[in-house]
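Let's walk through this one together, feature by feature. Have a look first, then we'll talk.

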Amino acid sequence: LSLSLSSSSSSSLLGKVATASLSSSLLYTPDISLFDHVYQALGMWLNQPEYGLILTYLLVSRSRRFRNFAISRTEPEELLSGILLGISSCLEIIDEERKQSVSSDSTASATRDTMSTSSLSSQSTKSPSLDIHVSSLASKNLLRYKTARTGVQAGAVALLLFCEDWGFCEALQSMQLPTNTKTALLQKQMRISAFSSMSLTSIMTFVLARVVCAPSEAFLPFDTKFACLTVIGNTARERTKIDVNEAERLLSMLDLLWRRYRRLSAYISECKAVESRSVVLLHDQDAAMELIALVLEIICRILRNGMESNKHLLYSLLHKEELILSLLDY
């Protein structure tokens, strides 16, 4: 464990992650002290979010004993704050790489236009290493982007495995994130002013809703978004006194998914001539409707716990009356 923590190489760390998580001693050992050391080390591993989330997923999915050990902890806030910060940080990396790719495409287009109008003499003085450097940089960014995307998926599934336990989900409602640098960084990334007064379940909803609402250019798989909504649904089983910010976020997520679905439907009607393309789009359309249905199920599950105790969600529904009516018309 200490060797993995002191490693500065990402590839070396990933190798040690796989070795540690799949070792038979960790999977089958009855030694609780080993689990305790691993649990404490996870907080340090999550400082490198992409690989820390992959390690967390491997541990909780491969070892049911370790997952039960983590669930039974009296203070799971530290681990959960690390997972949520890791997911948010990976989303920041995806957004950053996506924006850089758009910027580099624009720069490359402008460079090609400039070179096409330049003289032969200026072309002859071009550095031959320029294309190699750009290609190497693109490959490096692509690897970082794919690793961050895998980290988001690993973190979402790890949370889903934790939230299969109903007692664990109920306990989250009375918990708040600890006041430390991780919480401050997560608040900065999520841009929420009333962060300190929100429960751990509400903050989890905000982070996972951001994954669901990620733009299509992020290329997050449907399974990842499905897992995020399933986590929110599991934690909503006994939810009461929904925060006003969380209620607005749920309805905003529903609104965004519905608008995407309608745009996709309009695009499909225009592309019916291309049969192969329309088949792919129809699959995307079905997936989008399934996400909408999940969000509606989450809202109904919360309201079944009592409208009096979830007034903020009820008011948000009334505020989005046009959205609800359009869904009823559909």
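Q: Which residues of helix α16 are buried?
A: Buried means under 20% relative accessible area, exposed over 50%, and partly exposed in between, with a 1.4 Å probe and protein chains only. In helix α16 (residues 311–319), the buried ones are Leu313, Ser316 and Leu317. They cover an arc of only 100° around the axis, so they sit on the same side of α16; the arc is that of the directions from the helix axis to the C-beta atoms. On the other side of α16 you'll find Tyr315, Leu318 and His319 exposed. The general idea: an α-helix has 3.6 residues a turn, so residues three or four places apart point the same way.

Q: Before going on, what am I looking at, and how are helices and residues numbered?
A: This is a predicted model, where local features need pLDDT of at least 70 and side-chain atom pairs count only at pLDDT 80 or more, while totals for chains, interfaces and linings use all residues. Residues are numbered from 1 along each chain as its sequence is written, and side-chain values use heavy atoms, with hydrogens and water left out. Helices (H or I, at least four residues) and strands (E, at least two) are DSSP runs, numbered from the N terminus.

Q: How many salt bridges does the structure hold?
A: Side chains of opposite charge can pair when their charged atoms come close. The cut-off here is a side-chain nitrogen of Lys or Arg within 4 Å of a carboxyl oxygen of Asp or Glu. The structure holds ten salt bridges. In one of them, the side chains of Glu96 and Arg144 meet at 4.0 Å, N to O. Glu96 lies in helix α7 (residues 77–116) and Arg144 in helix α9 (residues 130–162), so the pair ties together parts that are 48 residues apart in sequence. Glu96 is partly exposed at 37% relative accessible area, and Arg144 is partly exposed at 32%.

Q: Where do Arg237 and Glu170 sit?
A: Their side chains meet in a salt bridge at 3.6 Å, N to O. This pair links distant parts of the chain, 67 residues apart: Arg237 is in the loop between α13 (222–235) and α14 (244–270), and Glu170 is in helix α10 (residues 166–172). Arg237 is partly exposed at 32%, and Glu170 is partly exposed at 39%.

Q: How many residues apart are Arg259 and Asp255 in helix α14?
A: Four, so about one helical turn separates Arg259 and Asp255. Their side chains meet in a salt bridge at 3.6 Å, N to O. Arg259 is partly exposed at 39%, whereas Asp255 is buried at 17%. Elsewhere, Glu92, Asp95 and Arg210 are linked in a network of salt bridges.

Q: Why is α12 said to be largely enclosed?
A: Because 13 of its 13 residues are buried, α12 is largely enclosed by the rest of the structure. Helix α12 (residues 200–212) reaches 18 Å from its first C-alpha to its last, close to the 18 Å expected at 1.5 Å a residue; the expected span is 1.5 Å times one less than the number of residues. Leu200 is found in α12 and is buried with a relative accessible area of 0%. The C-alpha atoms of Leu200 and Leu177 are separated by 6.1 Å, though the two are 23 residues apart along the chain.
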